[in-house]
Amino acid sequence: MKSSKDLPIKGNYTGKDILSLDQFEAASVLKLFRVVEKIKKMRKKGKNLNYLSGIVAMLLFYEPSSRTFGSFSSAIKRLGGQTISYQNPFQTSSAVKGESLEDSTRTFEHQSDVIIVRHPEIGSAIRVADTATIPVINAGDGGGEHPTQTLLDLYTIYEHFGRLDNLSFVMSGDPYHSRTIKSLIAGLGLFKKNTVYILSPKALRLSTEDKKKYRENGTLIYEIESFNDMPKKSDVWYWNRIQKERFKSPKEYKKVIGKFVLTPKILREKGSKNLIILDPLPRIEEIELDVDKDPRALYLSKQMENGVYTRMALLSLIFNRL
Ligand code: NCD
């Protein structure tokens, strides 16, 4: 049995689980980006790549998904691999009968070469990884982490600015529950001198524990409560919906929804020329539709496009097939 959580990448992805940003250092992230660039170039030239031929991936999505599920499926198939997909295994697998996640894992590992799992419980991906003898990728464990989203977010930022240090961010939404915000802040901590302004209702701030951990990595974190407190110039705005399904009651959710909606007016007043706007999506009401046409808005274009390439690169490295 392996305990995968602590296995650092250290430049070698072969056979590794991808569970947390804690496994990464800057050089491994940049190594992945070189592969993303290569695959992107070849695909744009119309080249067919077969790095995953003969590979079967098990997609186990206990929580709903459009982008992560679709882009993993697409990445595998575009590299000549195949997928077995369970969307909502709570209704379609033996989980309905009460089978444990561990026993399901022991089954699926005989049928596939990699397990990609999304599950509502924090730590679930580690449970799967600790049971499986094949690589496991965390596609979101409740309000925990979402490492592959962060890798594609970081790539999109890197593609635009040519660096991942000395950047200033405003992140808005639900940092307390949002795995994409938490993983991204952890990812920025692998690089130097990044500053993050977190714009959220007080009740949804990062937990003290998370904040401490991210600050220890050297990232400057400021918590703000009003658009007026946003810095004059920032490089990246990262908006993410309030995570409705993680609230104890609908009443609590209603109290915090709709407070920091990104509008063309805010963009005119606070957006610098070289800004980029990202959102892992789905959009609920955190960004007004009129923002979409601004060339700085990358959430419907490059960010999603890079999701497929980043996952192609990651899987190719895990299977050492380049
Ligand atoms: C996010 C997720 O599932 O955490 N979406 C995604 O994977 N692209 C963001 C969200 O659901 O808010």
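Author: Start with a rule: a charge sits over a ring if NZ of Lys or CZ of Arg is within 6 Å of the ring centre and within 35 degrees of the ring normal. Arg-311 lies over the face of Phe-72, at 4.8 Å from the ring centre.

The model is predicted, so local features need pLDDT of at least 70 and side-chain atom pairs 80 or more, while totals for chains, interfaces and linings use all residues. Residues are numbered from 1 along each chain as its sequence is written, and side-chain values use heavy atoms, without hydrogens and water.

Now the ring pairs. Rings of Phe, Tyr and Trp (its six-membered ring) pair if their centres lie within 6.5 Å; planes under 30 degrees apart are stacked, over 60 edge-to-face, and the rest tilted. That rule gives 10 aromatic pairs. One of them joins Phe-61 and Phe-69: the centres are 5.2 Å apart and the planes stand at 85 degrees, so this pair is edge-to-face. Phe-61 is buried (under 20% relative accessible area; exposed is over 50%, partly exposed in between; 1.4 Å probe, protein chains only), at 1%. Phe-69 is buried as well, at 13%.

Phe-227 and Phe-260 also pair edge-to-face, because their centres are 5.7 Å apart and their planes are at 80 degrees. Both are buried. Helices (H or I, at least four residues) and strands (E, at least two) are DSSP runs, numbered from the N terminus. Phe-227 sits in the loop between strands E7 (220-224) and E8 (236-239), and Phe-260 in the loop between helices H9 (250-256) and H10 (264-270), so the pair ties together parts 33 residues apart in sequence.

Finally, a cluster: Phe-33, Tyr-155 and Tyr-158 form one aromatic group.
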